[in-house]
Amino acid sequence: MAPISPSSAPDARPRDLEEPLDDYRPVSGFAVAGLLLGLGSVVALIHPVLWVVPLCGVAATWYALRQIAIGSPPLLGRKAALIGLTLSLIFGLSGPLVNWAHRRALRAQALEVAAEWFTAWRENRPDYAIRLSQRSTTKAGRDRSPLAESDSRDRLLGSLRKDVHEQPADLLLKLGKQAHVRFFQNESIWWDDANEGVRDLYVVTVGQGSDAVSFFVRLGLLRSQDRATGEWQWQITKHEFVTFPDAQLLDALE
């Protein structure tokens, strides 16, 4: 048998593996991260703390696009980065807008409930006002007399006497329609998994002109959702005088 010369021996490696890998382009890790952050940016609609997710998505995709533009060797992932950037911007802008709309609706409802509470005292309907303070109720539930419910008459009357002789309810009941109430400012809005709350300041004025006397009342209002019906329920959880108003509040009365 004739020996096989090295020149005639078949190549041990395929020809295509001998060619330089000039066409290989790695994928940008920041582009992938930006796409994932963009997809996860939907959580920005849940709570303001989660607005950081779309912000991180914008930062990651911006860096990925810059890296892809000037990278050597060229990187893949521009389309993924653009998708991630678009999603991050959409949800990043939607989060604050949804939050603003939610807070606005919450404040509007709180103003309506507070108006019911003040009006009940001014019109000598303490049972309606007490209903708002006892527990969370819907508007339809408050229209029903608490004395017709399952609680005993003595217990409800005792609660009524107790609340009427607490400030500022007692004073509002005595002043009646002489008291003029106006909203002054919102102090805080909060919410958790089950409840939402609003704390507002109101100015109550008696008299006119130089004889007018005004004082501040702070109301705390709690909103929850009835799991059975899905209806929103409200409760007045706090009503108190602002006994030591700061200079800004006093200036507002002048």
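Predicted model: local features only at pLDDT ≥ 70, side-chain atom pairs only at ≥ 80, totals over all residues.
Colleague: Which ring does phenylalanine 183 pair with, and what kind of pair is it?
Modeller: Its partner is tyrosine 202. The ring centres are 5.6 Å apart and the planes stand at 75 degrees, so the pair is edge-to-face.

Colleague: How many aromatic pairs turn up in the whole structure?
Modeller: Seven aromatic pairs are found. There is also an aromatic cluster formed by Trp117, Phe118, Trp121, Phe183 and Tyr202.

Colleague: Which rings have a charged end sitting over them?
Modeller: Tyrosine 128 is one of them, with the charged end of arginine 125 placed 5.1 Å from the ring centre. Tryptophan 232 is another, and there the charged end of arginine 223 is 3.6 Å from the ring centre.

Colleague: Let's zoom out. How many helices and strands does the protein chain have?
Modeller: It has nine helices and four strands. Along the sequence, the pattern reads α-α-α-α-α-α-α-α-β-β-β-β-α. The protein chain has 254 residues, and 31% of them count as buried.

Colleague: What about the largest nonpolar core, how many residues are in it?
Modeller: That core has 27 residues. Trp117, Phe118, Trp121, Val204, Leu219, Leu221 and Ile236 have the most contacts inside it.

Colleague: Which elements give two or more residues to this core?
Modeller: On the helix side they are H4, helix H5 (126-134) and helix H8 (169-175). On the strand side they are E1, E2, strand E3 (213-225) and strand E4 (232-241). H4 gives the most, with eight residues.

Colleague: How many residues of H5 are buried?
Modeller: Seven of its nine residues are buried, and H5 is mostly covered. The buried ones are Pro126, Tyr128, Ala129, Ile130, Arg131, Leu132 and Ser133.

Colleague: Which loop holds asparagine 124, and what is its phi?
Modeller: Asparagine 124 lies in the loop between H4 and H5. Its phi is positive, about 60 degrees, although the residue is not a glycine.

Colleague: Is asparagine 124 buried or exposed?
Modeller: Asparagine 124 is exposed, because its relative accessible area is 57%, and exposed means over 50%. In space, asparagine 124 is 6.3 Å from leucine 173, C-alpha to C-alpha, although the two are 49 residues apart in sequence.

Colleague: New topic: how much space lies in the largest pocket?
Modeller: About 210 Å³. The pocket is lined by 14 residues, and the closest to its centre are Leu45, Ile46, His47, His102 and Trp191.

Colleague: What classes of residue line it, and which element gives the largest share?
Modeller: The lining has seven nonpolar, four polar and three charged residues. Helix H4 (residues 78-122) gives the largest share, four residues.

Colleague: Where is alanine 80, and is it buried or partly exposed?
Modeller: Alanine 80 is in helix H4. It counts as partly exposed, because its relative accessibility is 22%.

Colleague: One more: where does valine 42 lie?
Modeller: Valine 42 is in the loop between helix H2 (29-40) and helix H3 (52-70). Its relative accessible area is 38%, so valine 42 is partly exposed. Valine 42 and serine 94 are 9.1 Å apart in space, C-alpha to C-alpha, and 52 residues apart in sequence.

How values were computed:
Residues numbered from 1 in each chain as written. Heavy atoms only, no water. 1 Å grid on protein atoms, 1.4 Å probe; cavity = no way out; pocket = protein on both sides within 12 Å on 5 of 7 lines; lining within 4 Å. Points joined across faces, edges and corners; volume = space filled by probe spheres on them. Nonpolar A, V, L, I, M, F, W, Y, C, P; charged D, E, K, R; others polar. Phe/Tyr/Trp six-rings, centres within 6.5 Å; stacked < 30°, edge-to-face > 60°. Lys NZ or Arg CZ within 6 Å of the ring centre and 35° of its normal. Core = buried A, V, L, I, M, F, W, Y, C linked by side-chain atoms within 4.5 Å. Buried < 20%, exposed > 50% of the residue type's maximum accessible area, 1.4 Å probe, protein only.
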